[in-house]
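Q: Could you take me through one part of this model in detail, namely the strands that make up its open sheet, the loops beside them, and the nonpolar surface elsewhere?

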Amino acid sequence: MGQFIFIPIIFFGLIVLISAFFIVKQQTAAIIERFGKFQSIRHSGLQLKIPLVDRIAGKLSLKIQQLDVIIETKTLDDVFVRLKVSVQYKVIRDKVYDAFYKLDYPHDQITSYVFDVVRAEVPKMKLDDVFVRKDDIAIAVKSELNDAMMEYGYDIIKTLVTDIDPDSQVKAAMNRINASEREKIAAQFEGDAARILIVEKAKAEAESKRLQGQGIADQRREIARGLEESVEVLNKVGINSQEASALIVVTQHYDTLQAIGGETNSNLILLPNSPQAGSNMLNDMVASFTASNQIGEAMKNAASNSKKKGEE
């Protein structure tokens, strides 16, 4: 009977003995209290406490943690904007006591400071400056938090402004402004390209006209040289210059008619194209030459007479 009495006592003793041992994970601190009073801080590894006397009041992670805080505030140009501030912090290893006993809700404390700093800094800036100077906002938040949270055993590693979200209407307006600016630049480039194309086209046409004129001049020079040679050949066989000119004009007239007639789909018409056209053309040319010679002789005589009178 006595053996059965010792079994529960032994079992209870084993439970008490086992409860005296506990394990603390890596990068974790356990706070031990004895009868409700702080006793010690235990770090990673197998630890021992007095059963029924000591208890684990809580555990704190020594890892770097992150808290995301979303704040809505107004800028200097009266635009409402939502900012997401990410705060990276950790418990200082030597200040676990302060971190555990001085603050019940560290997240709420950090959030309050972030709200306070952001709502003090952003209203001093215009919306465009908020995007450009977001690092300044993050530095201001970190400085304020470090000064405040160091006392409570928390070290602020870094603060980041990870998102800036203006009102949807403001974003649409900004997108329209950006699109208009890009369209303006595109129009300028297109205008420059069109102007360059016109200038280059004009240069090409001018060069083409110059070469065309040079070609026509060369052609007429060769024609004149050929006519001169033809007249000389005809003169050698006893045909005078007037008859040679008439023969050449008539020959060219009929060569032209033959060339036009050889084109089946040609829309060209030679005016005049009658058989008398050649002789009429020649008579007109002779009359023009005669008139020009008479005018030249008259001008020479007038000049000679005026010179004689001046000498007298």
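A: Happy to! A word on terms comes before the surface: a patch here is built from residues with over 30% relative accessible area and no salt bridge, and nonpolar side chains are joined within 5 Å. Please keep in mind that this is a predicted model.

On that basis, I10, L14, L17, I18, F21, I23, L46 and L48 make up a nonpolar surface patch, and together they have about 860 Å² of accessible area. Two or more residues each come from α1 (2-19), β1 (21-24) and β4 (45-48). Helix α1 gives the largest share, four residues, and L17 is placed in this helix.

Now to the sheet. It is open and has three strands in the order β3-β2-β5, with antiparallel pairing. β3 (37-42) and β5 (54-61) are its edge strands, each pairing on one side only. On average, neighbouring strands in this sheet are turned by 25° against each other, ignoring direction. Between β2 (residues 28-34) and β5, the antiparallel pairing runs over seven bridges. There, E33 stands opposite R55 of β5.

The loops deserve a look at their backbone angles. Most residues other than glycine have a negative phi. Q27, in the loop between β1 and β2, has a positive phi near 60°. Q27 counts as partly exposed because its relative accessibility is 32%. F35 sits in the loop between β2 and β3, and its phi is also positive, about 55°, although F35 is not a glycine. With a relative accessible area of 67%, F35 is exposed, since the cut-off for exposed is over 50%.

Key
Residues numbered from 1 in each chain as written. Predicted model: local features only at pLDDT ≥ 70, side-chain atom pairs only at ≥ 80, totals over all residues. Heavy atoms only, no water. Patch = residues over 30% accessible without salt bridge, like charges linked within 9 Å, V, L, I, M, F, W, Y side chains within 5 Å. Areas by Shrake-Rupley, 256 points an atom, 1.4 Å probe, with all protein chains shown as cover. Salt bridge = Lys/Arg side-chain N within 4 Å of Asp/Glu carboxyl O. Pairing = 2+ DSSP bridges. Axes fitted to C-alpha atoms, helices over the stretch in contact; angles between N-to-C directions. Buried < 20%, exposed > 50% of the residue type's maximum accessible area, 1.4 Å probe, protein only.
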